[in-house]
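User: I would like to learn how to read a protein model feature by feature. Please start with confidence, then go through sheets and pockets.

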Amino acid sequence: MASTCIRHDFYQTDAFVVITLMVKNKSDADFEAEFQTDFVRTTIKNENGSEIEFSVVPCHPIKPEQCSFKVTKTKIEVKLKKAEGIHWNTLERKEESAVKPAVIMKSSDISVEEQPVYPTSSKKKVDWSRVEAEADKEEEEGEAAIEKLFQKIYKDNPDDVKRAMMKSFAESGGTVLSTNWADVQKGKVEVKPPDGMEFRKWEQ
């Protein structure tokens with residue numbers, strides 16, 4: 001990464017990237033540069049004998065043998081030859097994020113609390129496992145209510161109504177439940193499947 005001790009900027013052409021170091025009053029003897037395909041290191045000597053290092057990992061490869069620098073009284077220019085004539089969006093290469101290894105899990109490894117929430121066109125997430133559980137509960141409660149109602153009707157009515165209910169339900173295969181004994185006693189109660197469905201006898 002570039003040193004934060006030196007203020008710098010850069011511009012580019014089709015063939016070169018030029019780094020400008022904002023350092024004054026230096027000579028060629030105060031500056032050294034090392035160029036590699038994917039790395040640039042420069043060293044600036046101070047009057048007290050200390051050194052400041054400025055290094056860069058270029059955004060794209062360079063041609064070291066065609067790189068150069070120029071020292072003036074107001075700045076230092078480091079000229080990098082592009083290996084490819086492409087536009088650089090940044091001076092330095094961004095560090096790549098580490099790729100986490102994939103974790104393979106079986107459905108049996110996921111607890112009820114971790115069941116996936118399936119995507120929908122709605123922005124609001126829907127937990128389908130909860131919806132399914134609530135639907136099952138409502139269905140069970142509905143069946144229990146109907147059964148309770150039938151028991152109440154059967155219990156609170158005279159024998160003729162009870163006979164009508166038993167006969168109609170049994171002979172119709174559970175598709176008819178009548179409380180009219182006068183009508184039911186006339187003959188066999190035929191099967192009446194729901195609309196759109198067809199009744200067929202089970203054949204062994």
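**Confidence, sheets and a pocket**

Analyst: The protein chain averages a pLDDT of 78, and 73% of the residues score at least 70. pLDDT is the predictor's confidence in each residue, from 0 to 100. This is a predicted model, where local features need pLDDT of at least 70 and side-chain atom pairs count only at pLDDT 80 or more, while totals for chains, interfaces and linings use all residues. Residues are numbered from 1 along each chain as its sequence is written, and side-chain values use heavy atoms, with hydrogens and water left out.

User: Over which residues is the pLDDT below 50?

Analyst: Where pLDDT is low, the predicted coordinates should not be read in detail. Here the pLDDT is below 50 over residues 97-108. That stretch has one contact in the model beyond near neighbours in sequence; a contact means heavy atoms within 4.5 Å.

User: How do I read a sheet, and what is the order of the four strands in the open sheet?

Analyst: Strands of a sheet pair through backbone hydrogen bonds, either parallel or antiparallel. Strands (E, at least two residues) and helices (H or I, at least four) are DSSP runs, numbered from the N terminus. Two strands pair if DSSP finds at least two bridges between them. The open sheet of four strands has the order 1-2-7-6, with antiparallel pairing. Strand 1 (8-12) and strand 6 (68-71) are its edge strands, each pairing on one side only. The twist averages 20° from one strand to the next. Such angles run from 0 to 180 degrees between N-to-C directions, with axes as lines fitted to C-alpha atoms, for helices over the stretch in contact.

User: Which hairpin joins strand 6 to strand 7, and through how many residues?

Analyst: Four residues link strand 6 to strand 7 in that hairpin. The two strands run antiparallel, with four bridges between strand 6 and strand 7 (residues 76-81). F69 stands opposite V78, and V71 has I76 as its bridge partner. Strand 1 and strand 2 (residues 16-21) also pair in the antiparallel sense, over five bridges. Their hairpin has three residues between the strands, and H8 stands opposite L21.

User: Why is one side of strand 3 and of strand 5 left without a neighbour in the sheet?

Analyst: Take the sheet first: three strands in the order 3-4-5, open, with antiparallel pairing. Strand 3 (31-36) and strand 5 stand at the edges with a single partner strand each, so one side of each has no neighbour in the sheet. Here the twist averages 10° from one strand to the next. Strand 4 (residues 39-45) and strand 5 (residues 51-56) pair over six bridges. T43 faces E53, and K45 stands opposite E51. Five residues lie between the two strands of this hairpin, and G49 in the turn has a positive phi of about 95°.

User: Which residues line the largest pocket?

Analyst: Rolling a probe the size of a water molecule over the atoms shows where empty space is left. On a 1 Å grid over the protein atoms alone, a 1.4 Å probe is used; a pocket is an open set of points with protein on both sides within 12 Å along at least five of seven lines, and lining residues have an atom within 4 Å of a point. The lining is F150, Q151, Y154, M165, M166, F169 and L177. Helix 1 (128-156) and helix 2 (159-171) are the elements that give two or more residues to it.
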